[in-house]
Amino acid sequence: MTHPLFAPGFQPRPWWWEAAEPPDRDTALPERTRVAIVGGGYTGLSAALTLRRLGHEVVVLDAERIGWGASSRNGGMVSGGLKVARGPLEQQFGPERAAEIARACGASFPFIEETIAREGIDCDYVRCGRFVGAWTPKHHAALARTVERIAEISGQPAWMVDRAGQREYLGSDHYHGGMVALGTGSLHPGKYARGLAAAAERAGAVLVDQVRVSAARPEGEGFRLLTSAGEMRADAVLMATNGYSRGGPMPWLAKRLVPVGSYIIATEELGEDRIEALFPNRRMISDTKRVLNYFRPSPDGKRVLWGGRASFGPETPERAAPRLHAMMSAVFPELKDVRITHAWTGNVAFTFDHLPHLGVEAGLHYAAGCQGSGVAMATWMGHNAALKLAGAGNAGFALDSLPFPTRPLYSGDPDWFLPIVGAWYRLQDRIDRIAA
Ligand SMILES: Cc1cc2nc3c(=O)[nH]c(=O)nc-3n(C[C@H](O)[C@H](O)[C@H](O)COP(=O)(O)OP(=O)(O)OC[C@H]3O[C@@H](n4cnc5c(N)ncnc54)[C@H](O)[C@@H]3O)c2cc1C
């Protein structure tokens, strides 16, 4: 498909893959292992690294390539619990438990920073801060009610900005001010996925590509995995399939996750001066819309990467791209004629209680549900799942074994209701703005 907005050589695949495409591996499927991890994204790789450090034999299996899923496609915006801190945790759990959960989420941020530094992962990481644009004055007031909690959880300053001061943080008047949170950063997700995989391999983990696991059958003290490359035995299994869990070996997990496509476009190179004018200090940007926008300069400071929920049904990146471009031009009208070089999509996983979950069901361990905000969180969840598996956690993890809700008749396929929910959210966003 061509479109006047597509630059010559337009690619319907992640711009990140130009520098760090997930590589092919030709490792044979081992016959048995102590821990089998299904899913080779940040969750699975981080779990593998920790398990190896604790001396456990571990094999990571991915149906595609290691790092192929959301982990090499995301926006690369790093935060610890920003979304959870803004959610209705206290109503759900009461003040004490809510504080514990928020702290457990916030701890993901120092953990990813420590992981990157310890493993020497070259992934363009910068602690650059984030500006969250308020879509309406009411949203600004709601952000103001959480700003203290965000500063407390992240241990870094966070403050409110009014509309008049907004241009110091964003080259646009589109929002009604917003919030700045300094305990946040940015990285190159493809390089991070590669670096984490390399760290796990260096530590002795076996990473296996192109092996789809279709079933995990209890056998003796462990499991027999049925895969597209034959069978494998494992003493324990960790499911790290997140937004790609549908049709996999753990239907119980798929019934509790709502996979949603998120889409990103990359613009052609604009030059560092134009980028600096749009993104002063190269901060990450997101907003408070129900159908949110998230956008950033590329790590080399030359182009805009613009992400959002361009579609709530199955949609190709080519068809989603012009819609994302329109969203971008609404915020940055000066970019209306700028062309798109890449467009791509990937699955995030939402849960019905808006929280990430980790636990064990019918003997299978799982860690999933990062609500589209999992660069730090998935790394942290994988680590904590590994501690649990190894029996090495010396304190309870607040997200461990929380009640994990599903909905009657929901089997893991949201395609029939997501377009309805998406249309409703879009309408609400429009009404909120008109009423503002
Ligand atoms: C477009 C997009 C933008 C995003 N932006 C951000 C952002 O800016 N900041 C942020 O914090 N988060 C963001 N996220 C979310 C973040 O990327 C994810 O939360 C995180 O990568 C999840 O990692 P994971 O390892 O759990 O899952 P994934 O990386 O999705 O890995 C799951 C893997 O499981 C494999 N798999 C599935 N089923 C099987 C099977 N049966 N057998 C074998 N393998 C299987 C898949 O092939 C896949 O590789 C974004 C996500 C997307 C898609």
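1. Definition of burial. A residue is called buried if 20 or more other C-beta atoms lie within 10 Å of its own, exposed if 12 or fewer do, and partly exposed in between, with C-beta atoms placed from the backbone. By this count S401 is partly exposed, because it has 13 C-beta neighbours inside 10 Å.

2. Basis of the note. This is a predicted model, in which local features need pLDDT of at least 70 and side-chain atom pairs count only at pLDDT 80 or more, while totals for chains, interfaces and linings use all residues. Residues are numbered from 1 along each chain as its sequence is written.

3. Overall fold. The chain has 13 helices and 19 strands; helices (H or I, at least four residues) and strands (E, at least two) are DSSP runs, numbered from the N terminus. Its radius of gyration is 21 Å, close to the 22 Å from the globule rule for 436 residues, so the chain is as compact as a globular protein of that length. That radius is taken over C-alpha atoms, and the rule is 2.2 Å times the number of residues to the power 0.38. Along the principal axes, the C-alpha atoms fill a box of roughly 65 × 55 × 45 Å.

4. Packing. Of the 436 residues, 52% are buried. Among contacts between residues at least 6 apart in sequence, 77% join residues at least 24 apart; a contact here means C-beta atoms, placed from the backbone, within 7 Å.

5. Ligand shell. There are 42 residues around the ligand, and G41, G69, G75, G346 and G374 come nearest. Two or more shell residues come from each of α2 (42-53), β13 (258-267), β17 (340-350) and α12 (375-390). By type, the shell holds 17 nonpolar, 21 polar and four charged residues. Ala, Val, Leu, Ile, Met, Phe, Trp, Tyr, Cys and Pro count as nonpolar, Asp, Glu, Lys and Arg as charged, and the others, Gly among them, as polar.

6. Positive phi. Most residues other than glycine have a negative phi. S401 has a positive phi, near 60°, and is found in the loop between α12 and α13 (418-435). L409 is found in the loop between α12 and α13, with a positive phi near 70°. L409 is exposed, with 6 other C-beta atoms within 10 Å.

7. P4 is found before β1 (6-11) and is exposed, with 7 other C-beta atoms within 10 Å. Its C-alpha atom is separated by 9.5 Å from that of P322, although P4 and P322 are 318 residues apart along the chain.

Note on methods
Contact = placed C-beta atoms within 7 Å. Near = placed C-beta within 6 Å.
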